[in-house]
Amino acid sequence: IVGNNDFLTEDYPVMRRYLVVESDDDMDEIAGKIKGLDEEKIFKEYEKFRAKYSRKTKKIAEEFLGLNVENYREVEYDKLLTVLVPVYNTEKYFKEYKKSKKGIEIKKDILELDILNKKIDKGNFEHFMIKEIYDEPLVLKKILDTYTLDNKIIISENLINDLKESKSITILGCGTSYHAGLIGKYVIESLVKKRVNVYLASEFNNVTLLDENTTYLFLSQSGETIDLKLAYNLIKDKSRIYTFSNVLTSSLCMLSKESFDLCGDIEISVASTKAYVSEVTLLIMLAYKLSNLDKEFIDNIYICINSINKTLKNTSLIKDLAFKIKDYSSLFYLGKGIDHFINLESSLKLKEVSYIHSEALYSGELKHGSIALLSKDSFVIGLLSSLKNKSSFMNNIKEVDARESKYFLVSTSCNDSDFIFDCPNEYFSPICISSFYQLLSYYTALYKGLDIDKPRNLAKSCTVE
Ligand code: M6R
């Protein structure tokens, strides 16, 4: 059972949640087991029982709900259940829960989750991160199954009407989800010709000029990110907030007008991979829907699935590159237009799991300062997915070459590339090429012997500021 409630305090004005795991053991059997035992043995049995439920509760919190258990305190109640409550307001939550058990109506939702039956394992993979990258074609298929029918994109009319009627669209997210938002902006503005503002949720309180007639799209894999919850509180007209998340029972989904499944199921690895692909895909889907290009979107997703599968089938080149870059202390990702937004995410992924510093730079901006950093000890990864940028991008690469920096080129068609990937058009390149960059980060971290699924200093869900 997951409860949401709105004990808003001045210092922490956000929705908080608690988790209760009830015992499904047969109490008569347990009573039979302890009958006749001396007090010490009864105590030991009880401790075993308690530990089992504590493990179960934490597993659900971490693996299924993406909560960081460090921010939660465990409380036990009647020996039959354990409760995880946020470290803030512990007593208050627990009292409310007890009251609700006695049938007193309190202001909160209680949701029963059928999640213990879901199978979560790494399969034949060594880590969740790589398993989740290999899940990406399946996620795309699930998106098509969920949101399309007979060559049409089927998604909430409320959402489509709000998007059509509002003057602009405002996307909020953090980290990887923010990067997905930037891609959404590029594609929606190019195709739909409607203004899209993308904000980092953690900086939303510093935005000085907000559109009034706007529809908000919140992107959050976990649906629990504190920065988004705080941003939510700053939005005056909450009637047009929609959330895209993997956890439809999460706080942000509860707070929104409507919420949409990212179709990525549970993501366990701290580094978000498949959720990014699905956030990007859903935003592109909205752009195509608003442009009445439903069939084109569907056809293109099939091309993306084949493209990703091709990358996943032969990873020797990626492994070689990972082996080369693992000893660099810093790396540069160069690109223009949409490629720059893809690079921002590739760079974050590399930092996060391999602890190598990296930066995504607009290639045309090199000459305005950053080129001073390049030398024969630098490594550059260039991305070119649109021919319109070819000539200026290649000129920038010549500059890199002239500094004797090592470089590796990724493109959709350029003959000089080290890796060529299939892609229907530049809008779909974030979907097609992400697995390449995610695997690059993965193998680099693997060769460095790092804790890939749980990188240092990071938690899957950022529930404190
Ligand atoms: O659950 P969210 O999508 O709201 O999380 C946002 C970021 O914390 C998250 O994307 C983070 O950047 C990832 N760990 C990056 O891989």
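A residue is called buried when its relative accessible area is under 20%, exposed when it is over 50%, and partly exposed in between, with a 1.4 Å probe and only the protein chains considered. Isoleucine 318 has a relative accessible area of 1%, so this residue is buried. The model is predicted, so local features need pLDDT of at least 70 and side-chain atom pairs count only at pLDDT 80 or more, while totals for chains, interfaces and linings use all residues. Residues are numbered from 1 along each chain as its sequence is written, and side-chain values use heavy atoms, with hydrogens and water left out.

The protein has 15 helices and 17 strands; these are DSSP runs numbered from the N terminus, with helices (H or I) of at least four residues and strands (E) of at least two. Of its 465 residues, 55% are buried. Among contacts (heavy atoms within 4.5 Å) with a separation of 6 or more, 74% join residues 24 or more positions apart. The protein exposes about 21,200 Å², of which carbon and sulfur atoms supply 49%; such accessible areas come from the Shrake-Rupley method with a 1.4 Å probe, and for residues only the protein chains shown count as cover.

Isoleucine 318 lies in helix α12, which spans residues 316–325. Beyond its neighbours within four places in sequence, isoleucine 318 is in contact with Thr311, Phe436, Leu439, Leu440 and Tyr443. Leucine 440 is 122 residues from isoleucine 318 in sequence, yet their C-alpha atoms are 5.7 Å apart.

A pair of aromatic rings is described by the distance of the centres and the angle of the planes. Rings of Phe, Tyr and Trp (its six-membered ring) pair if their centres lie within 6.5 Å; planes under 30 degrees apart count as stacked, over 60 as edge-to-face and the rest as tilted. The structure holds 18 aromatic pairs. In one of them, the rings of phenylalanine 297 and phenylalanine 428 have centres 6.2 Å apart and planes at 40 degrees, so the pair is tilted. Phenylalanine 297 belongs to helix α11 (residues 294–313) and phenylalanine 428 to the loop between β17 (419–420) and α15 (429–447), so the pair ties together parts 131 residues apart in sequence. Both phenylalanine 297 and phenylalanine 428 are buried. Ring pairs also link Tyr333, Phe408, Phe419, Phe436 and Tyr437 into a cluster.

The ligand is surrounded by 16 residues, the closest being Ser177, Ser220, Gln221, Ser222 and Thr225; a residue is near the ligand if one of its heavy atoms lies within 4 Å of it. An N or O atom in the side chain of serine 177 is 2.7 Å from an oxygen atom of the ligand. For serine 220, a polar side-chain atom lies 2.6 Å from a ligand oxygen atom, whereas glutamine 221 places a backbone N or O atom 2.7 Å from an oxygen atom of the ligand. On its own the ligand has 410 Å² of accessible area, and the protein covers 91% of it. Helices α7 (175–192) and α13 (338–354) are the elements that give two or more residues to this shell.

Tyrosine 355 is found in the loop between α13 and β14 (357–362), and at 24% relative accessibility it counts as partly exposed.

How values were computed. A polar contact is a pair of N or O atoms within 3.5 Å; within protein, one must be able to donate a hydrogen and the other to accept it, and residues adjacent in sequence count only if both atoms are side-chain atoms.
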